[in-house]
Amino acid sequence: MNNIQELTEQATELLKELISIQSYSGQENQTADLLSGVLSDFGFDPHRKGNNIWSWSADFDPQKLTVMLNSHHDTVRATSKWTKDPFTPTLEDGKLYGLGSNDAGGPLVSLLATFVFLSKKEQPYNLIFLASAEEETSGKNGVPIVLPELPEIDFAVVGEPTSMNLAIAERGLIVLDCVSHGQSGHAARNEGENALYKALKDIDWIRSHQFEKVSEVLGPINMTVTMIEAGSQHNVVPDECRFVVDVRPNEFYTNEEVVLLIRKHVDCEVTPRSTNLNASGVESGHPVIQRAKELGLKTYGSKTMSDQVHMPFDSVKIGPGDTRRSHTADEYIKLEEIRNGINTYISLLDQWNIR
């Protein structure tokens, strides 16, 4: 059986290979090829749809619940602020530099190592590993196209850089395009109906409204007006005002419920760009929280999104690395973080009864 040290070394070498391959969202075909080959080398039967790669640990047992280990292999684009080559893995003082090393290469290879370890002996659940695409852009060709290919998933561990703290809830996202309508007229004669004034009334409601259900870990739903546009020239009363609202739901509301409630209280047209990015969370009595407490893991609510937004089942987010390094120049992950990540994942999941 692969020991932790051997798995850590293998995970580190795989991460170096992943860093060396450009894998911007929607362009992950080469890293998908690499991950498929690695799973085959470990004796698994990889499946592929688009640039998503997944595999079972053993034959599926319909009498068992199913746990999925997931992280993504796409990256954001490298900025001009890098002082190192983002596609050259560079090891300095125990830190591995490279684009995607922290977000989410470290969590990805640590989960793959965990998958290999846990698969060596029978677990009380079915286990699947999924390396997903297009996470950074919340793309449609990532997790959403894989889930219909899988049997029912009961629980997922999503790998993101959380310093191995356990995110037991995560905010969703709704972007609303709003339009207030009025009637144009000459400003000097105070004619018409000013759409901007009508918009201000709705904006004031959005600014001050408090949703009834407040999450213990995420807090209240946040709504913020972030863009506004009205008028064509100084002496014409605007007949239309457009504004954009950024809404961050908590786990107590579906995105559809939030949109319906907002529409009941405002006069403007409200059009969500998408209602697919839902908040997530596990109940306070969930067995994973008890297991985390036994291991001394800190639990919290996450303000940032991951592939959890696509998962209509219980999930948590945890992984090696620091979220503050994500999307930054000269991104890195510490090798000791990878080792600790593998150790913690195994301690959390080995022989775990999720019922």
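Analyst: Start at Glu-229, which stands opposite Arg-242 in S13. Strands here are DSSP runs of E, at least two residues long, and helices are runs of H or I, at least four, numbered from the N terminus; two strands pair if DSSP finds at least two bridges between them. In general, strands of a sheet pair through backbone hydrogen bonds, either parallel or antiparallel.

Now zoom out a bit. This is a predicted model, where local features need pLDDT of at least 70 and side-chain atom pairs count only at pLDDT 80 or more, while totals for chains, interfaces and linings use all residues. Residues are numbered from 1 along each chain as its sequence is written, and side-chain values use heavy atoms, leaving out hydrogens and water.

The whole sheet is open and has four strands, in the order S11-S13-S9-S14, with antiparallel pairing. Its edges are strand S11 (222–230) and strand S14 (269–272), each pairing on one side only. From one strand to the next, the twist averages 25°; axes are lines fitted to C-alpha atoms (for helices, over the stretch in contact), and angles run from 0 to 180 degrees between N-to-C directions.

So what sits against the sheet? Helix H5 (residues 195–208) packs on it, touching strand S9 (174–181), S11 and S13, where contact means heavy atoms within 4.5 Å. The direction of H5 makes about 15° with that of S13.
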